[in-house]
Amino acid sequence: MSVSVGVETSRPERARATRTLTVTGLNHALHDGYTDLIYVLLPVWQAEFTLSYGLLALLRGVYAGAMAGLQIPVARVAGRIDGKLILIAGTALAAFGYLLAGFSGGIVGLGLALALSGAGSSTQHPIASAAVSRAYGTAARGPLGIYNFTGDLGKAAIPALTSILLVIMSWRHTLLVLAFMGLLVAVCIALWMPSVGKGAERKTTAAARHDSVNRGGFPWLLAIGILDTAARMGFLTFLPFLLLDKGGSLPINGLALALVFIGGAAGKFTCGWLGERVGTLRTVLLTEGGTAALIIAVLALPLVPAIVLLPLLGVMLNGTSSVLYGTVPELTPPHRTERAFALFYTGTIGSGAVAPVLYGVLGDALGPVLATVATALTALVICPLAVALARHLRDNAGAHRAA
């Protein structure tokens, strides 16, 4: 899928933007893959170190906590240091963390190694998103959707590669291979990614773009992102149990989740493009309304028709996120883009951690069906928030249709 930087953009600037998107996409795939390969390794570590489920959850939480908690400080550092250098250092640190994990001899060493890797991964969301946003300017919605999509590719590819490597070598050697991959990506960033610059250098040019920035809508955007993530994670928590109640088996559950994730990847790829053409409000109303309707349909339908709907539901569940990421730069002064992305990602990641717990409590009280209905209602609550957000947005849909 090709993306344009604008009709007045020179060929060198287009090439620079393309290189930025390509390298940050590769980096995004690596870091999201690093995040999810832990799920593959948890049973291996349980057998190796005789860990309880609580300690296994703690290991996952250490990585996720370091990644989420450091995003805002990293964005502040980006105001003083070139973002490219931060990406290189963060990717190398994430790889080094997994290298140390491969040499760890116990739970303490393993936890410290995962904390280092999570700290390294905290750099890529705010810095890379801001880099893509600046590279493409007002045409950044589509490229940010592609950047978002590359993370799903990494989530699919790296855990799958890890599973294959574990068949032919030990988990320690597997982590050495994965760490080497991370170091190669850091080298690619150093060699091919254009400079991002630092915040202090951009403040002098902020006034030139200030008239294109509509402030005041970011809290609405953040609230939508938090609720969108909550609805998605809440539904995925109950989906296996709903399918089992319809007569499904464990293999069918695996297939169903795969269909949702495939649809989700497609949704991230296409909805960023759709938001660029028809505007944020229409796209969010479509995806959230579609999410609510399809969740109710999955509840009401028998097993086979419900499974058939899951790829489309995946598109709706994940599609909103690409539109929201593409809207962050529009609501933020240029020299604060990293901080805005950091705050947005921290809010959505935090929502993804807390929402399953809250919906789980609701499921214990009301049952899985009513708790799933609550996830559909959460999606519908987003619609009036999107209307409120639209008052703060520039809608370029007409310009795109005329182009």
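This is a predicted model: local features need pLDDT of at least 70, side-chain atom pairs count only at pLDDT 80 or more; totals for chains, interfaces and linings use all residues.

1. Asp228 is buried, because its relative accessibility is 3%. Buried here means under 20% relative accessible area, exposed means over 50%, and partly exposed is in between (1.4 Å probe, protein chains only). Arg232 also counts as buried, at 13% relative accessibility. The side chains of Asp228 and Arg232 meet in a salt bridge, with 3.1 Å from N to O. A salt bridge is defined as a side-chain nitrogen of Lys or Arg within 4 Å of a carboxyl oxygen of Asp or Glu. Asp228 and Arg232 both belong to helix 10 (residues 218–245), where they are 4 residues apart and so separated by about one helical turn. Helices (H or I, at least four residues) and strands (E, at least two) are DSSP runs, numbered from the N terminus.

2. Residues are numbered from 1 along each chain as its sequence is written, and side-chain values use heavy atoms, with hydrogens and water left out.

3. How many salt bridges does a search of the whole structure find? The search finds 4. In general, side chains of opposite charge can pair when their charged atoms come close. One of the salt bridges joins Lys268 and Asp152, whose closest N and O atoms are 3.0 Å apart. Lys268 lies in helix 11 (residues 250–278) and Asp152 in helix 7 (residues 141–168), so this pair ties together parts that are 116 residues apart in sequence. Lys268 is buried, at 9% relative accessible area, and Asp152 is buried, at 12%.

4. Another salt bridge is formed by the side chains of Arg172 and Glu48, at 3.4 Å from N to O. This pair links distant parts of the chain, 124 residues apart: Arg172 is in helix 8 (residues 171–192) and Glu48 in helix 1 (residues 11–49). Arg172 counts as partly exposed, at 25% relative accessibility, and Glu48 is partly exposed, at 41%.

5. A search of the whole structure finds 8 aromatic pairs. Among them is the tilted pair of Tyr63 and Tyr98, at 6.4 Å centre to centre with 40° between the planes. Rings of Phe, Tyr and Trp (its six-membered ring) pair if their centres lie within 6.5 Å; planes under 30 degrees apart count as stacked, over 60 as edge-to-face and the rest as tilted. Tyr63 lies in helix 2 (residues 53–69) and Tyr98 in helix 4 (residues 83–103), so the pair ties together parts that are 35 residues apart in sequence. Both Tyr63 and Tyr98 are buried. Elsewhere, Tyr325, Phe341, Phe344 and Tyr345 form one aromatic cluster.

6. Which residues touch the most other members of the largest nonpolar core? They are Tyr34, Trp45 and Leu175, in a core of 66 residues. Helix 1 supplies the largest share of this core, 11 residues. A nonpolar core is a set of buried Ala, Val, Leu, Ile, Met, Phe, Trp, Tyr and Cys residues joined through side-chain atoms within 4.5 Å. Leaving aside neighbours within four places in sequence, the residues in contact (heavy atoms within 4.5 Å) with Tyr34 include Tyr63, Tyr98, Ile158 and Leu178.

7. Leu55, Leu58, Ile107, Val108 and Leu112 make a nonpolar surface patch of about 450 Å². Helix 2 and helix 5 (107–121) are the elements that give two or more residues to this patch, and helix 5 gives the most, with 3 residues. Patches are made of residues with over 30% relative accessible area and no salt bridge: like charges are joined within 9 Å, and nonpolar side chains (Val, Leu, Ile, Met, Phe, Trp, Tyr) within 5 Å. Accessible areas come from the Shrake-Rupley method with a 1.4 Å probe; for residues, only the protein chains shown count as cover.

8. Thr50 lies in the loop between helix 1 and helix 2 and is exposed, with a relative accessible area of 68%. The phi of Thr50 is near 50°, a positive value in a residue other than glycine. Most residues other than glycine have a negative phi.
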